[in-house]
Amino acid sequence: MTTDFRTSTAEGKVNFVNVYDLEKAASLVIPTGAFGYISSGAGDMWTLEQNTKSFNHKVIAPGVLRNIENPDQSTTILGQKISTPIIMAPVAAHALANVQGEAATCKGVAESDTIYTVSSYAGQTYEKMRAASGDAPQWFQFYMSKNDDDNIKILDLAVKNGAKAIVLTADATVGGNREIDLRNGFTFPIAMPIVASYQSGVGQTMDAVYKSSRQNLSYKDIEFIQKHTNLPVFVKGVQTAEDAEAVIEAGADGIWVSNHGGRQLDGGRASFDSLEEVAEAVNKRVPIVFDSGIRRAQHVFKALASGADVVAIGRPVIYGLALGGSEGVKEVFDYFKNELKMVMQLAGTHNIEEIKNTKLRKNEYM
């Protein structure tokens, strides 16, 4: 990290009522440029806003007299049992929010007994993140280099550090129109050691970082990754039935429905509005991860009931990191777990499988 960049050093309990309050509080401790990068989206930020609003397109019908007292939210994905269907999404440069960076996030996620997804653009070494996670499961989000020798070295690093899956991000071959970053003159003050062979990160805009990676991704890249890792490959950024069918045909082991948190194509569909279409096309052939816009456990419930196997959260965790380090991260997961338990109880669902079999209703008030 450059010596002129200062952000939170917090570690400890965080008092918050909901994620929206958490975001407001985090904005006071994260430097302006960094907070703008973390919190904003592309263009007019219409798609970012719709990501959360779109959950209101469907409603949950309460279920009564179902003999439920302590619903079980544990689940399994790729043979890995986790305490909750909520995992950590890949997010770049956690030290923008707290000087402890990814190591603190890894620790908090591990204590929450769920999966941490390592970003290629992490600000700490893979080894440090692996050590902070202990034996907890990690996946690796992969941005491909233009040079295959670099790609093989990075994939080897992921395998060496125990990655259980590779997540190929397919929707960020160029940066979205991040106007807030332009207004703030934001460039990364933090190095990116995993991709140091082709990108330093320091002093770069997000668009420059993306453009240093491969733009011409193709279906053949799925096989390339599988060949060099012997690990399951998720394709992240899928939003249509056509793409879902094509990547499964190309050998993908999982689908990750996402619009990159509204940070790429403004004017595109809300991620939740894409989920049911993709899930119907997948038809349970491979697992589905969902992200973008989740701020409530009701959103988690609706995503699972619409075809997701697990969901991933990003910004809320980073806000918890800013305000409380690893303990703040764990508190964010505890918040979602506690709220999901309440929602499951009121919706009449004993476990995650019953959520997946729940029929949501159309919102008749819209």
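Leaving aside neighbours within four places in sequence, which residues is phenylalanine 290 in contact with?

**View 1. Phenylalanine 290 and its surroundings.** Setting aside those sequence neighbours, phenylalanine 290 is in contact (heavy atoms within 4.5 Å) with Phe55, Trp256, Val257, Ser271, Phe272, Leu275, Ala303, Ala308, Val310, Val311 and Ala312. What you're looking at is a predicted model, where local features need pLDDT of at least 70, side-chain atom pairs count only at pLDDT 80 or more, and totals for chains, interfaces and linings use all residues. Residues are numbered from 1 along each chain as its sequence is written, and side-chain values use heavy atoms, with hydrogens and water left out.

**View 2. The largest nonpolar core.** A nonpolar core is a set of buried Ala, Val, Leu, Ile, Met, Phe, Trp, Tyr and Cys residues joined through side-chain atoms within 4.5 Å; buried means under 20% relative accessible area with a 1.4 Å probe, protein chains only. Helices here are DSSP runs of H or I, at least four residues, and strands are runs of E, at least two, numbered from the N terminus.

**View 3. Strand 8 and its partners.** All 6 of the 6 residues in strand 8 (residues 233-238) are buried. Strand 7 (residues 166-169) runs parallel to strand 8, joined by 4 bridges (pairing takes at least two DSSP bridges), and isoleucine 166 stands opposite valine 233. Strand 9 (residues 254-257) also pairs with strand 8 in the parallel sense, over 4 bridges, with valine 257 as the bridge partner of valine 238.

How values were computed
Buried < 20%, exposed > 50% of the residue type's maximum accessible area, 1.4 Å probe, protein only.
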